[in-house]
Amino acid sequence: MSSIKNSSILKYSSPAKAWTQALPIGNGKLGAMIFGGEMEETICLNHDELWTGYPTDRTRRGAYHAYRRAQELALEGKLHEASKEIEENFEGGWSDAYLPLGKIEIAFKTKRRISSYLRTLDISNAVSNVSYTVSGKEYKREYFASYPDGMICSRFTFGDRTDFEIKLSSDLLSYCNIQEDKIFLYGECPGVCFSNNNENIEYSDKPKERGIRFCAGLKVITDGQIKEGNCSLLVNNASRAEIYFTAETSFNTPFKHPFTDGKEYKQPVIEKLNEEKNYSLLLKRHTDDYKTIYDRVELNLGGTGSDLDTDKRLEAFQNTKDDSGLVELLYNYGRYLIISSSRPGSQPANLQGIWNDKIKAPWHSNYTVNINTEMNYWPVLMCSMPEINLPLINMIKELSIAGRDTAENRYRSRGWCSHHNVDIWRLTTPVAGNPCWAFWHGSTGWFCRHIFEHYEYTGDIDYLKTTAYPIMKTATLFYLDNLIEYNGNLIFTPGTSPENGFIYEGKDCFVAKYSMMSISIAQDLFQNMIKAAEILDTDEQLVSQLKETISKLPGFKTGSFGQLLEFDDDYPEREINHRHVSHLYALHPANIITADGTPELANACRKTLERRGDNGTGWSLGWKINFWARLFDGNHALKLIEMQLRPVKSNVPHKVHCGGTYENLFDAHPPFQIDGNFGFVSGVTEMFMQSRDNKIYLLPALPDKWSSGSVKGLTAKGNVKVDITWENGKVTDYKLTGKGKYEVIVNGKSQTVEL
């Protein structure tokens with residue numbers, strides 16, 4: 001299999017033996033992991049709406065008074081007492097959990113010797129294939145997940161007439177029903193979420209305590225004979241077969257009960273499977289739809305690539321570090337994964353995108369919004385995929401509604417807020433546990449950066465007016481209501497920095513008088529609000545208040561090592577190499593600190609990164625690529641890229657904080673979290689192009705190793721399309737397409753360009 005540089009093909013010479021060796025396909029709502037077994041095929045299935053729980057009232061009596069007591073304690077320097085008050089009297093319960101749907105299992109009856117095995121995922125057209133030879137005759141399987149038709153489709157062709165059995169099952173409460181050439185699976189999610197320490201999964205028989213219901217179905221079309229088995233279909237004497245799978249749930253928005261007020265979920269599955277099927281037409285519709293998004297960006301780093309299998313290629317990279325085609329492959333794969341796990345009408349990509357095989361997934365496979373969910377969406381706008389951003393925008397809209405009660409009940413504030421965990425029911429209250437993660441309302445402002453950037457990249461003024469601005473304004477009101485005076489400044493107290501702490505009075509401490517991240521997020525939101533209000537010519541009085549408020553926020557401080565301080569004082573660090581570097585929010589994703597605009601603060605950020613060290617979890621490595629790109633240091637960014645490409649074996653115990661990449665190129669936290677895949681794409685893109693304040697930087701952080709290459713189809717803020725070609729480390733040609741006047745920084749020189 002020799003395609004140019006194999007920068008769009010994942011390939012393997014043996015079936016997957018572990019879930020992180022299987023190959024993912026998805027259409028935003030439906031996901032599948034394909035193992036490609038020789039005698040037994042396994043396809044793990046997901047639906048983006050399968051979660052525990054139902055809408056619940058998260059009000060906690062006395063929470064506001066606990067918040068006020070914690071503020072007083074923090075300002076008195078009683079930080080341990082403030083932390084205890086928050087944990088015991090302010091926080092709430094766990095988020096709900098994302099669940100696997102089930103699996104399709106296919107047992108083939110042939111027992112003859114197999115040779116020439118090949119398993120692939122072609123991310124240029126989002127199609128996976130398995131092929132092998134039996135006694136000189138070829139057997140093939142093909143899989144894709146169609147967004148236009150809402151199905152997972154597969155086609156099998158057999159060299160000889162073959163018998164097989166196909167089953168559809170789930171570990172959730174469920175039962176199956178056979179109807180001629182179809183299997184239907186009806187099931188239900190637990191209404192009560194389990195805690196991380198609770199081994200029991202409970203189902204209630206009380207309607208108000210019951211969870212999301214679902215119907216999954218598959219249909220087999222074949223030239224063989226179909227018989228009913230034990231919750232299975234038996235197919236005999238087939239030379240070909242097509243299998244079509246779809247599913248629906250009773251989830252009916254985050255604000256309606258899925259059992260007592262759920263949407264119809266059975267009939268749509270029945271109708272879809274009863275529709276006439278034309279496999280070739282479905283495949284064409286799928287590839288045409290997918291490629292309209294994927295083909296917008298093209299990266300070429302000029303290397304020779306490799307014909308090794310992907311897992312072997314990953315291992316070889318550790319010795320040579322010269323396979324730039326592997327960097328291209330991981331870059332393209334990240335774009336593939338976000339297209340496959342986030343489409344208009346779907347839920348946003350969660351901690352695992354859409355792919356989860358565990359009832360009790362790590363961290364509930366929820367939306368961890370102190371960086372992970374945000375990182376999922378960093379690449380979509382700059383990689384020219386604004387429609388992929390829509391599920392996140394819709395979730396933020398819903399959070400701005402759900403978060404009103406949280407702002408009122410816990411803070412007695414206007415506006416809305418959210419904390420560090422979100423689920424399908426749009427949880428906005430703090431969860432239980434250490435305040436260093438639970439007591440943090442920074443996601444409110446961070447989300448507003450995403451919705452404002454959607455305007456900055458698209459230029460959609462109607463979207464800014466009707467969608468982004470109202471959400472940003474109400475978030476701003478929440479922050480204004482919670483700033484208090486301290487030593488002539490306005491601060492949020494107590495302050496936390498996810499998920500880190502420090503040493504105070506000889507003990508680990510997790511709340512400070514204030515944290516730099518919370519201040520930076522507020523400043524970023526206020527500055528974007530001012531821009532938005534001036535564009536829309538509205539809220540003059542609020543703009544004036546925000547300008548005055550920004551002037552009273554505490555400035556950045558540096559510590560004894562020249563590093564940017566994370567908290568209000570230069571406290572001793574409890575974990576110097578902590579995976580989060582939250583206090584550099586001002587450097588990335590915000591632009592408050594820039595390498596060319598605030599060089600002294602940028603140098604403090606550099607000192608911080610050097611002190612933290614390069615190592616970290618998979619997503620942490622991804623964030624650090626972006627940091628070093630913002631510091632215009634391409635060689636250091638490449639060092640992080642090479643670290644992120646460290647192979648992590650699926651079946652071998654691993655170091656929890658030593659991230660890398662699994663055999664199927666999933667990001668290894670470890671365990672699997674998909675955010676590192678997306679942080680990688682964002683960081684690499686920022687090495688080629690950055691944009692802010694009507695400036696476009698071309699090759700701001702190009703490493704020496706990537707001396708020649710090209711990138712096409714990126715988007716700069718202002719909805720400007722960007723193509724760049726370079727040789728010997730210098731831009732030789734570039735093309736900007738759009739409207740407006742921009743300052744373009746190219747080969748170290750600035751020039752004004754009017755489009």
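1. Cys-231 is partly exposed, with a relative accessible area of 34%; here buried means under 20% relative accessible area, exposed over 50%, and partly exposed in between (1.4 Å probe, protein chains only). Its counterpart Cys-176 counts as buried, at 18% relative accessibility.

2. The model is predicted: local features need pLDDT of at least 70, side-chain atom pairs count only at pLDDT 80 or more, and totals for chains, interfaces and linings use all residues. Residues are numbered from 1 along each chain as its sequence is written, and side-chain values use heavy atoms, with hydrogens and water left out.

3. A search of the whole structure finds one disulfide, a term for a pair of cysteine sulfur atoms within 2.5 Å. This disulfide joins Cys-176 to Cys-231, with an S to S distance of 1.7 Å. The torsion about the S-S bond is about -100°, so the disulfide is left-handed. Cys-176 lies in strand 10 (residues 173–179) and Cys-231 in the loop between strand 13 (225–228) and strand 14 (232–249), so the pair ties together parts that are 55 residues apart in sequence. Strands (E, at least two residues) are DSSP runs, numbered from the N terminus.

4. Cys-153 is in no disulfide; the nearest cysteine sulfur, that of Cys-215, is 17 Å away. Cys-153 is buried, with a relative accessible area of 0%.

5. An open sheet of four strands has the order 15-26-27-28, with antiparallel pairing; two strands pair if DSSP finds at least two bridges between them. Strand 15 (298–300) and strand 28 (730–737) are the edge strands, each pairing on one side only. Strand 27 (residues 720–727) is joined to strand 28 by seven bridges.
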